Amino acid sequence: MASDDPIESRWGSAVLQLVLLSFGLTILFALVYWGIDGLNWGLLQDREGKRAVRFLPFLYFSIETFFRIGYGTQVPLGAMWLAVTLEALSHFVVEILFVAHFATLSLNKLVSLSNRTRLENLLNRF
C-alpha cells in the first residue's frame, strides 16, 4: 500500500535516485576507462600483468573504485589515474549530497511531527 506521507514517499524517491545515480556513474566511468585504454592513454592491468581489453573488467574496476572496495586485483596505469581520482571524488560528492538530503528529510519529518503535536495540544484545550 502506498504511503500518504509526502516525506516518506520522498525517502523512497531519494533511495531510487541514489541507486540509479550510482549505477549510472559506475557505467559511465567504466566507459571512460575503456575509452582511455582504446586511445592508448593508459591501461588497466591485472595481477599477472595482463591488460584488460573487454568491458567487464573495466566495469568491475569502476564498481571497486566507486564503492571504495579496492581489492587490488587491477592496477590503473597512465591517464587512468586521473579518471580513478575523478570517480572517487564523484562518489564522495554523491555521498555528501545524499546524507544532506536524508538529514533534511528527517528534519522535515521531525518538524512536521512537532507542529502536529502542538496543534493537537492546542485543539485539546477547547
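Biologist: Does D37 count as buried or exposed?
Modeller: Bear in mind that this is a predicted model, where local features need pLDDT of at least 70, side-chain atom pairs count only at pLDDT 80 or more, and totals for chains, interfaces and linings use all residues. Residues are numbered from 1 along each chain as its sequence is written, and side-chain values use heavy atoms, leaving out hydrogens and water. Buried means under 20% relative accessible area, exposed over 50% and partly exposed in between, with a 1.4 Å probe and protein chains only. D37 has 10% relative accessibility, so D37 counts as buried.

Biologist: In which helix is the place of D37?
Modeller: Helices (H or I, at least four residues) and strands (E, at least two) are DSSP runs, numbered from the N terminus. D37 falls within residues 6–38, which form helix α1.

Biologist: Which residues does D37 touch, not counting those up to four places away in sequence?
Modeller: A contact needs heavy atoms within 4.5 Å. With residues up to four places away in sequence set aside, D37 touches G42, L43, L44, R51, A52, F58 and M80.

Biologist: What does α3 reach from its first C-alpha to its last?
Modeller: The expected span of a helix is 1.5 Å times one less than its number of residues. For the 45 residues of α3 that rule expects 66 Å, and the helix comes close to it, reaching 66 Å.

Biologist: What radius of gyration does the chain have?
Modeller: The radius is taken over C-alpha atoms, and the globule rule is 2.2 Å times the number of residues to the power 0.38. The C-alpha trace spans about 80 × 25 × 25 Å along its principal axes. A compact globule of 126 residues would come out near 14 Å, but the chain has 22 Å.

Biologist: Does N40 count as buried or exposed?
Modeller: N40 sits in the loop between α1 and β1 (42–46), and its phi is positive, near 60°, though N40 is not a glycine. Its relative accessibility is 58%, so N40 counts as exposed.

Biologist: And what is the phi of R68?
Modeller: R68 lies in the loop between α2 (55–66) and β2 (74–78). R68 counts as exposed because its relative accessibility is 54%. Although R68 is not a glycine, its phi is positive, at about 55°.
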